[in-house]
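Please open the structure in a viewer and keep the selection tool at hand. The stops below are meant to be followed in order.

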Amino acid sequence: MSGNTFGDIFRVTTFGESHGEGLGCIIDGCPSEIIFDEDFLQNEMDRRKPGAKSAAVTNRKEADKAEVLSGIFEGKTTGTPIAILIRNSNQHSSDYNNIKDKFRPGHADYTFYEKYGIRDYRGGGRSSGRETCARVAAGAFAKMFLKTMGIEITAYTKRAAGIEGTKADFSEIEKNQIRAADKDAAVLMQQKIEEYHRQGNSCGGIVECIVKGLPAGLGEPVFDKMDAELAHAIVSIGAVKGIEFGLGFEAADSNGFENNDFIRKGPVFETNNAGGILGGMTNGNDLVFRAAVKPVPSIYQKEETIDINGNECDILIEGRHDVCLCPRIVPVIEAMTAITVADMILRNRSSRI
């Protein structure tokens with residue numbers, strides 16, 4: 001299987017399956033002498049891990065303890081590859097016995113089987129959302145690097161179950177189960193998600209991400225634009241089906257005079273319709289994008305599908321699954337953003353004397 005590595009200089013390779021012995025990552029190209037904050041690493045893991053007391057989140061309970069096996073000496077990165085292992089401990093593989101020969105609608109079951117001729121039906125194997133725990137571990141190291149430059153990344157649930165927040169109070173994000181920046185909207189989101197939970201159904205949402213403190217000039221002007229690389233990073237997350245920057249799709253109904261961000265002495269931009277990116281390079285403004293998260297495909301309702309022999313059949317999924325992925329995908333989006341930005345910063349150091 002190819003395509004398990006992301007990044008050019010700050011390179012991250014992930015490995016492992018949902019119901020295997022564990023998952024992990026190798027980080028190559030992380031600069032040396034970055035102070036290693038073990039508590040921060042584990043806190044990032046805890047933000048993503050399952051088992052939260054919320055109707056939105058699966059009740060699978062994993063410690064998600066990140067074991068750093070290499071690349072650290074006397075509390076600092078050494079510049080050598082950093083290996084991280086996250087062991088699985090709470091798999092219920094028998095939950096999938098009744099569907100091992102059936103393709104779950106909305107999942108990668110069918111396409112995985114067609115591509116490889118074999119699939120790990122226990123939770124989706126490598127295509128499971130559990131793979132993202134390794135990304136979060138790698139993203140924590142990218143964040144430690146970015147912290148040395150004063151760069152901050154914040155993502156939050158902007159919309160879930162059809163309810164949209166109208167406020168952006170970052171202090172509220174970790175105070176509610178939905179990780180919304182609008183506490184009033186969070187209550188309504190939670191109520192609607194609980195309704196879907198009772199129905200055995202699921203829902204999607206939108207996560208917004210804001211990066212502050214970026215210098216101008218990050219990103220390569222042609223194929224490796226900052227927004228192109230971020231789109232690659234974010235859409236590589238299994239549940240993400242779309243991404244927009246700044247004004248996004250609303251720009252299609254705007255005009256040039258309205259859409260252009262006027263520049264004043266400083267430089268200061270009067271608006272941020274471009275989302276902090278011009279010509280594929282950061283302009284010093286806040287980088288802003290939104291990701292569309294699809295409804296969780298594992299629902300507790302009878303559906304129509306086919307089996308591995310091509311016969312039509314019904315399927316009823318068991319096991320433990322999220323109802324809305326937004327709360328747990330927030331730290332994953334931050335992680336992939338951090339990895340992308342870290343890589344672009346290191347690439348940019350070779351662009352001029």
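Begin by selecting Arg104, which in this predicted model sits in the loop that runs between β7 (82–87) and α2 (109–116). Is Arg104 buried or exposed? Its relative accessible area is 5%, and because buried means under 20%, Arg104 counts as buried. Next, display the side chain of Asp109: a polar contact of 2.8 Å joins it to the side chain of Arg104.

The side chains of Asp109 and Arg119 form a salt bridge, with an N to O distance of 3.8 Å. Asp109 belongs to helix α2, whereas Arg119 lies in the loop between α2 and α3 (132–147), so this pair ties together parts 10 residues apart in sequence. Both Asp109 and Arg119 are buried.

Move on to Asp120 and Arg122. These two residues also form a salt bridge, and their closest N and O atoms are 2.8 Å apart. Asp120 is partly exposed at 23% relative accessibility, and Arg122 is likewise partly exposed, at 27%.

Now select Glu174 and Arg47. Their side chains meet in a salt bridge at 3.2 Å, N to O. Which parts of the chain does this pair link? Glu174 is in the loop between β9 (163–164) and α4 (183–199), while Arg47 is in helix α1 (residues 38–48), and the two residues are 127 residues apart. Glu174 is partly exposed, with 46% relative accessibility; Arg47, at 11%, is buried.

For the last stop, turn to the cavity. A search of the whole structure finds one cavity of 30 Å³ or more, and the largest cavity holds about 40 Å³ of space. Select His197, Gly200, Asn201, Ser298, Tyr300, His321, Asp322 and Val323 to show its lining. How many residues of each class make up this lining? Five are polar, two are nonpolar and one is charged.

Terms used:
Residues numbered from 1 in each chain as written. Predicted model: local features only at pLDDT ≥ 70, side-chain atom pairs only at ≥ 80, totals over all residues. Heavy atoms only, no water. 1 Å grid on protein atoms, 1.4 Å probe; cavity = no way out; pocket = protein on both sides within 12 Å on 5 of 7 lines; lining within 4 Å. Points joined across faces, edges and corners; volume = space filled by probe spheres on them. Nonpolar A, V, L, I, M, F, W, Y, C, P; charged D, E, K, R; others polar. Helix = DSSP H or I, 4+ residues; strand = E, 2+ residues; numbered from the N terminus. Buried < 20%, exposed > 50% of the residue type's maximum accessible area, 1.4 Å probe, protein only. Polar contact = N/O pair within 3.5 Å; in protein donor to acceptor, adjacent residues only side chain to side chain. Salt bridge = Lys/Arg side-chain N within 4 Å of Asp/Glu carboxyl O.
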